[in-house]
Amino acid sequence: MISPETALLLARSQFAFTIGFHIVLAALTIGLAQWLMLLEGLWLWRRQQIYLHLYKYWSKIFALNVAVGVVTGVLMEFQFGANWGELSSRAGAVMGPLMYMEVLVAFFLEAGFMGVVLFGMGKVRPWVHFLATCVVAAGSLFSAFWILSANSWMQTPAGFIIGPDGRFQPVDWWAVIFNPSFPYRLVHMSIAALLATACLVAAVGAWHLLKCPKQPGARRMFSGGLWVLLALAPLQAVVGDLHGENTRDHQPVKLAAMEGSWNPPPPGEGEPLRLFAIPDMEARRNHLEVAIPSVGSLYLRHNLTGTIHSLNQYPPE
């Protein structure tokens, strides 16, 4: 028999391994769907064959990405019950409908119109094919909506009561879905998906430019990816800062753990930026800590003297 601590570590490791692949594939699915919609829209508008060639090129990559992403996603669904059975048992009344809506609304949209996107070119009217591409792109965003709602609820739960049997029961679905951290996570993840896709598209374009500098499709990929990065990277910094403030206000213990802050800094000094530390849970302190004084206050409080609640200010439980 393995100890509960070992079982927990193995469950976490297996789930982390699966989701480590899935999150990349899911993000690229969202971004590539929008990229395909843009390419086909430009082709219908300008009637330049280069956009059609790029659409056919990236649709193959998109199909492969979705296929592998579905496999990892289904595996995660099983791990919810197998690795985290107690969570599924107690919180299933809240999380189950959210994940069901992701399948019913989002996945059915993507899967239902994917065949038209991949095999319907030339077989249906151009506007019908473009509509199918738009539906797949919208479906990927709906998928992000419902999954991030479920994830956010686990971070900042709202709209529920705990029954006498210890199970979570929803009482306000509006509060459940639009819980305090959901808007920040949704915007932050959606922009991250577009940024990741822009990096992929630009990298592929750069690789083709190295092989054939005069290739027009490569130039459009490289240029398009860089323009998206230029537009969205500064916005992501702002959204990320707002997301951090939301975590500070709604999950102060989590923030203290993220920062490795066991005790408040001396009076008059700000929160340091800890670059490296080995936490000691029993002694409730850090070993071999490398930190830059007061820099943490810049992104935590937007000044040089602001502080946060530290771990030792909370009960050990």
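## Salt bridges

Let's start with the charged pairs: the structure holds five salt bridges, where a salt bridge is a side-chain nitrogen of Lys or Arg within 4 Å of a carboxyl oxygen of Asp or Glu. Bear in mind that this is a predicted model, where local features need pLDDT of at least 70, side-chain atom pairs count only at pLDDT 80 or more, and totals for chains, interfaces and linings use all residues. Residues are numbered from 1 along each chain as its sequence is written, and side-chain values use heavy atoms, with hydrogens and water left out.

One of the bridges pairs Arg 248 with Asp 249, with 3.2 Å between the closest N and O atoms. Arg 248 counts as buried at 17% relative accessibility, while Asp 249 is exposed, with a relative accessible area of 51%. Those words have cut-offs: buried is under 20% relative accessible area, exposed is over 50%, and partly exposed is in between (1.4 Å probe, protein chains only).

Glu 289, at 39% relative accessibility, counts as partly exposed.

## Asn 286 in strand β4

Stay in β4 for a moment: Asn 286 sits in this strand, which covers residues 285-292. Asn 286 is buried, with a relative accessible area of 11%. What does its side chain pair with? A polar atom of that side chain lies 2.8 Å from the backbone oxygen of Gly 260, and a polar contact of 2.8 Å joins the side chains of Asn 286 and Trp 262. A polar contact means a pair of N or O atoms within 3.5 Å; within protein, one must be able to donate a hydrogen and the other to accept it, and residues adjacent in sequence count only if both atoms are side-chain atoms.

Leaving aside neighbours within four places in sequence, Asn 286 is in contact with Gly 260, Trp 262, Arg 274, Ala 277, Ile 278 and Pro 279. Contact here means heavy atoms within 4.5 Å.

Most residues other than glycine have a negative phi. Leu 288 is not a glycine, yet its phi is positive, at about 50 degrees. Leu 288 belongs to strand β4 and counts as exposed at 62% relative accessibility.

Ser 294 also has a positive phi, near 70 degrees. Ser 294 is found in the loop between β4 and α9 (295-300), and it is buried, with a relative accessible area of 17%.

## Where α1 crosses α6

Now for a pair of helices. The axes of α1 (residues 4-46) and α6 (residues 182-211) come within 8 Å and cross at roughly 80 degrees. That makes α1 roughly perpendicular to α6, a label for angles of 65 to 115 degrees; under 35 is roughly parallel, over 145 roughly antiparallel, and the rest oblique. The axes are lines fitted to C-alpha atoms, for helices over the stretch in contact, and angles run from 0 to 180 degrees between N-to-C directions. By class, the contact of α1 with α6 has twelve nonpolar, three polar and no charged residues. Nonpolar covers Ala, Val, Leu, Ile, Met, Phe, Trp, Tyr, Cys and Pro, charged covers Asp, Glu, Lys and Arg, and the others, Gly among them, are polar.

Take Ala 193, in helix α6. Ala 193 is buried, with a relative accessible area of 0%. Not counting residues up to four places away in sequence, Ala 193 touches Ala 27, Ile 30 and Gly 31. The C-alpha atoms of Ala 193 and Leu 28 are separated by 6.1 Å, though these residues are 165 residues apart along the chain.

## The whole chain

Stepping back, the protein chain has nine helices and four strands. Buried residues make up 38% of its 317 residues.

Methods
Helix = DSSP H or I, 4+ residues; strand = E, 2+ residues; numbered from the N terminus.
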